Number of protein chains: 2
Amino acid sequence: MRIIVDAFGGDNAPEEILKGCVEAVAETGGLEIILAGNKAKIMTAAKACEIAEAVEKMEILDCPDVITMEDEPMSVLKEKKESSMAVGLRAVAEGKADAFASAGNSGALTVGTTMIVKRIRGIKRVTFAPVMPKYDGFFMLADVGANVDARPNMLLQFAMMASIYMREVMGIENPRVGLANIGTEAHKGDELRIEAYKLLSESAAVNFIGNVEPRDMPYDGADIIVTDGFTGNIMLKLFEGVAGALMDKIKGVLTNGVKNKIAAAMVYGDMKKLKKSVDYNEYGGAPIMGATKPVFKIHGSAKASTVKSALLLTDAYAKSGITEKITESLASEKSAEALEEEEK
Amino acid sequence: MRIIVDAFGGDNAPEEILKGCVEAVAETGGLEIILAGNKAKIMTAAKACEIAEAVEKMEILDCPDVITMEDEPMSVLKEKKESSMAVGLRAVAEGKADAFASAGNSGALTVGTTMIVKRIRGIKRVTFAPVMPKYDGFFMLADVGANVDARPNMLLQFAMMASIYMREVMGIENPRVGLANIGTEAHKGDELRIEAYKLLSESAAVNFIGNVEPRDMPYDGADIIVTDGFTGNIMLKLFEGVAGALMDKIKGVLTNGVKNKIAAAMVYGDMKKLKKSVDYNEYGGAPIMGATKPVFKIHGSAKASTVKSALLLTDAYAKSGITEKITESLASEKSAEALEEEEK
């Protein structure tokens, strides 16, 4: 597989991105990485990290600009169209590689995926769907794209795409799909939830288990939680905030005085495991699905080892043939157009 | 103050409710409690708990029925109108007491508050607003009422009522109000958020600090987080789930083998404090505001000490003159009707 990597996305670019790329290539053998970004800056950083030799073997799509976290999502199409993200996305769209990965601005990456790589015919909206930690293992939250005009058939499509990803990339045989809602009964929630519940129930492409209350998600509510992009974005950020604040408090306890520090040393290994198990980075990031090529969002704060894990996932994601499987799944369902007609 | 207490609401009724009532009366002196529920069962439970003497001094509104967690919210008006909750709410509405408190079915309590106690003139919807733990202290989330048709002026009214409660009952002088949203900029979110942002910005009754991302809420995002009842209900349940799962994991670490148990003993006091600081029960429950009399929802799982705390809060809530203050606040703002006109 050939993956184009945005060398200038994320908090630790380009150094940690480059190191991650080198590690991923070393680990896989067959993986080919093409870097997008300012060539001179890439080579300077590579030299500073003592990985110049490995980086020199990679093709570089030389481009002058960078999209920052402060840039508007639409900038990827306009004032920042010579950025590493835009150039990388265009190259993937043109068939130069099998997938694109970036740790940069999520909004810009979603817009760029939709407008440059373009949606699969019949897909109403790409889904930004992070894999998140739960009590024992992980689940996927689809969608967190912060969109504000979700329709029921979009939720069905999110569920369908997430099911393919969880099966093909994450190895969950028959992933259970739950609809995030304020109660478990079929009639709960607003019109969007009630209609989505019906569509999900009737779909042969997803293993729908009904409404799931958010209280159960961190335990074993479902393998995939489907929701609209506004609610999902709120949920993602609250999840991060609550887990973060609690871990900070625990850290406070375990560093409060000599006695506590001794106790902390005694549980060090287990606490480290716990910390790892609730760390988003462990699950590498979030696929953006529904476009004609796989796009993967690496965590913005990713260091080299996370970048490496993310690139291995992107490799598996590209190998899964997800675009073809989404197309097949769409064909086996009622067409998106037909669903939309019904809604009217 | 005279408070009517639903003796049969919650997981631990009637025993823990009765014990909590007795403790609250003992602690305050001036507090008078009237119990609603089956008199024979109340007295049997009181004897079993060895508090018969204290309970005998309380007036009892004898009624045969109980609303369970499985009952539909509307049952409080129909098939369960002789339940302890319905009878208690009617007695408060008729002026027999200053406030009502129940640990029972939240949905039924909200419906009953709206339909039996009735809303203050001009209030579009009562708000169910729990006080929740954050990193250091607490914040109020308004609304979590699971409603699905929020309008911008409802969010403004939630903010206004929550501000009065936080100031008068919780002692926060100039409570900061944040709007839960997917980004901090004024233009973020759906139409409801954008319109609510405008109303909140223009209001003299609230100290609006702008949009708050849920990531910041468990830290110090704001004293009051305003949102619609659907999103708020999702947030409340996710908050509980994430905090619960993480505390369970920590418990797992601290009981994993002899060495860890020794370490756990060393940090016992501090961990207990931590547990207390993230425990909802510490903040006693949730006021339901906007009705002509104060109604307070005690946590469903409350034991005697939490019931006692909740009743002391209900006492303060009743003493705060909140109904008058809400009425004044409504008058000083544009009238709710005028706001609604603008929306059209």
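A rotation of 180° with 0.0 Å of shift along its axis puts chain A onto chain B, with an RMSD of 0.0 Å. The superposition is by least squares on the C-alpha atoms of residues with pLDDT of at least 70 in both copies. The two copies are thus related as by a two-fold rotation axis. Of the residues of chain A, A:Ala263 comes closest to that axis, its C-alpha being at 2.1 Å.

Some bookkeeping. This is a predicted model, in which local features need pLDDT of at least 70 and side-chain atom pairs count only at pLDDT 80 or more, while totals for chains, interfaces and linings use all residues. Residues are numbered from 1 along each chain as its sequence is written, and chains are lettered from A and ligands numbered from 1 in the order in which they are written.

Now the interface. The contact takes 44 residues from chain A and 44 residues from chain B; two residues are in contact if their C-beta atoms, placed from the backbone, lie within 7 Å. On the side of chain A that touches chain B, the elements giving two or more residues are helix H8 (229-254), helix H9 (257-266) and helix H10 (268-277) of chain A. Helices (H or I, at least four residues) and strands (E, at least two) are DSSP runs, numbered from the N terminus. H8(A) gives the most to this side, with 19 residues. By class, the side of chain A that touches chain B has 28 nonpolar, 6 polar and 10 charged residues. Here Ala, Val, Leu, Ile, Met, Phe, Trp, Tyr, Cys and Pro count as nonpolar, Asp, Glu, Lys and Arg as charged, and the others, Gly among them, as polar. 100% of the interface residues of chain A are also interface residues in chain B, so the copies meet through the same surface.

Next, the sheet in chain A. It is open, has 7 strands in the order E3-E2-E1-E4-E12-E11-E5, and its pairing is mixed; two strands pair if DSSP finds at least two bridges between them. Strands E3 (59-62) and E5 (127-128) of chain A are at the edges with a single partner strand each, so one side of each has no neighbour in the sheet. Strand E4 (residues 99-102) and strand E12 (residues 295-298) of chain A pair in the parallel sense over 3 bridges. In that pair, A:Ser102 stands opposite A:Lys297 in E12(A). Helix H5 (residues 106-118) of chain A packs on the sheet, touching E4, E5, E11 and E12 of chain A, and its direction makes about 175° with that of E12(A). Axes are lines fitted to C-alpha atoms, for helices over the stretch in contact, and angles run from 0 to 180 degrees between N-to-C directions.

Last, a helix pair in chain B. How do H6(B) and H7(B) cross? The axes of H6(B) (residues 152-168) and H7(B) (residues 191-202) come within 8 Å and cross at roughly 50°. The two helices are therefore oblique to each other; angles under 35 degrees count as roughly parallel, over 145 as roughly antiparallel, 65 to 115 as roughly perpendicular and the rest as oblique. The residues making the contact include B:Leu155 and B:Ala159 of H6(B) and B:Leu192 and B:Leu199 of H7(B). By class, this contact of H6(B) with H7(B) has 8 nonpolar, 1 polar and 1 charged residues.
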